[in-house]
Amino acid sequence: MSADFVACKMYTYLKGYAMGLEWHDTLEALSFARVAHKDQRRKSGEPYIVHPLTVASHAVALGIKEDTIVAAAILHDVVEDCGVKAENLPVSMDTRDAVRRLTHIKGEPLGPYYREIGENRAASIVKLLDRCDNVSTMAGVFSVEKVAQYIGETRQFVLPLLRETKDKWPNDSNALFVLKYHIMSVIDGLEVCLQVKNEVGTNA
């Protein structure tokens, strides 16, 4: 199954879902993101739009059925990667604010970035959904050094964000439990693989 076909199916599913619920932001986000990410590719080679559509679809599948969160999931990379300003996004102020918080300026420290995300429920949930998809797809794509760095960032900033989000918004506990289980399972498994690789290299 091609990535383009998967993207088309997710796009159609989310659009139909949003139309049924009259979600203005999600409908606008879908159209905007498809144009903004046009011709962009992930490191794996698949169309970039697959990633935000996956993050948004996971939100709906986990029962996080809110216009602001799903729209922010679709738009979470457009400011950082497409030269778009958050204030120009065709969505509500709440969704713009979440996307702005999710935008990391290269070279800026991660501590303040994650703290600002943690002040906003929508941004927090989208960041956790985003990290769940990213850790699930980085093996074989990132270098060993990049995988190790990404795991370190996840342990230092993302997992504390998850705990903080659960404490602040306990009604989201079920979805957060699934995200925590998946993120930790993946990074724990990758760390074992990295350790084995290092041991084999040392003994070679």
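Two rings of Phe, Tyr or Trp are taken as a pair if their centres lie within 6.5 Å, and in this predicted model the count by that rule comes to five aromatic pairs.

Q: Why does tyrosine 114 count as buried, and why does phenylalanine 157?
A: Buried means under 20% relative accessible area. Tyrosine 114 has 5% relative accessibility and therefore counts as buried, and phenylalanine 157, with a relative accessible area of 17%, is buried as well.

Q: Which residues form one aromatic cluster?
A: Tyr13, Tyr17 and Trp23 form one such cluster.

Q: What makes arginine 34 a charge that sits over the ring of tyrosine 11?
A: The rule asks for CZ of Arg within 6 Å of the ring centre and within 35 degrees of the ring normal; the charged end of arginine 34 is 4.0 Å from the centre of the tyrosine 11 ring and sits over that ring. Arginine 131 likewise lies over the face of tyrosine 150, at 4.0 Å from the ring centre.

Q: How many disulfides does the structure hold, and how do you know that cysteine 8 is in no disulfide?
A: The structure holds zero disulfides. For cysteine 8, the nearest cysteine sulfur is that of cysteine 82, 20 Å away, whereas a disulfide requires two cysteine sulfur atoms within 2.5 Å. The sulfur of cysteine 193 has its closest cysteine sulfur in cysteine 132, at 17 Å, and is therefore too far away for a bond.

Q: Why are cysteine 8, lysine 9 and glycine 152 described as partly exposed?
A: The term covers relative accessible areas between the 20% limit for buried and the 50% limit for exposed. Cysteine 8 is at 47% relative accessibility, so the term applies; lysine 9, in helix H1 (residues 3-21), has a relative accessible area of 47% and is therefore partly exposed; and glycine 152, in helix H9, has a value of 34%, so this residue too is partly exposed.

Q: What makes helix H4 mostly covered?
A: Eight of the nine residues of H4 (residues 67-75) are buried, among them Asp67, Ile69, Val70 and Leu75. Each buried residue has a relative accessible area under 20%, and with eight of nine in that class the helix is mostly covered.

Q: What is the volume of the largest pocket, and which residues lie nearest its centre?
A: The volume is about 880 Å³. The lining has 30 residues, of which Tyr48, Glu80, Asn134, Phe142 and Tyr150 lie nearest the centre of the pocket.

Q: Which helix supplies the largest share of the lining of the largest pocket, and how do the lining residues divide?
A: Helix H8 supplies the largest share, five residues, while helices H5, H7, H8 and H9 each supply at least two. The lining of this pocket divides into nine nonpolar, eight polar and 13 charged residues.

Conventions. Residues are numbered from 1 along each chain as its sequence is written. This is a predicted model: local features need pLDDT of at least 70, side-chain atom pairs count only at pLDDT 80 or more; totals for chains, interfaces and linings use all residues. Side-chain values use heavy atoms; hydrogens and water are left out. Buried means under 20% relative accessible area, exposed over 50%, partly exposed in between (1.4 Å probe, protein chains only). Helices (H or I, at least four residues) and strands (E, at least two) are DSSP runs, numbered from the N terminus. On a 1 Å grid over the protein atoms alone, a cavity is a set of points where a 1.4 Å probe fits but cannot get out, and a pocket is an open set with protein on both sides within 12 Å along at least five of seven lines; lining residues have an atom within 4 Å of a point. Grid points are joined across faces, edges and corners, and a volume is the space filled by probe spheres set on the points. Ala, Val, Leu, Ile, Met, Phe, Trp, Tyr, Cys and Pro count as nonpolar, Asp, Glu, Lys and Arg as charged, and the others, Gly among them, as polar. Rings of Phe, Tyr and Trp (its six-membered ring) pair if their centres lie within 6.5 Å; planes under 30 degrees apart count as stacked, over 60 as edge-to-face and the rest as tilted.
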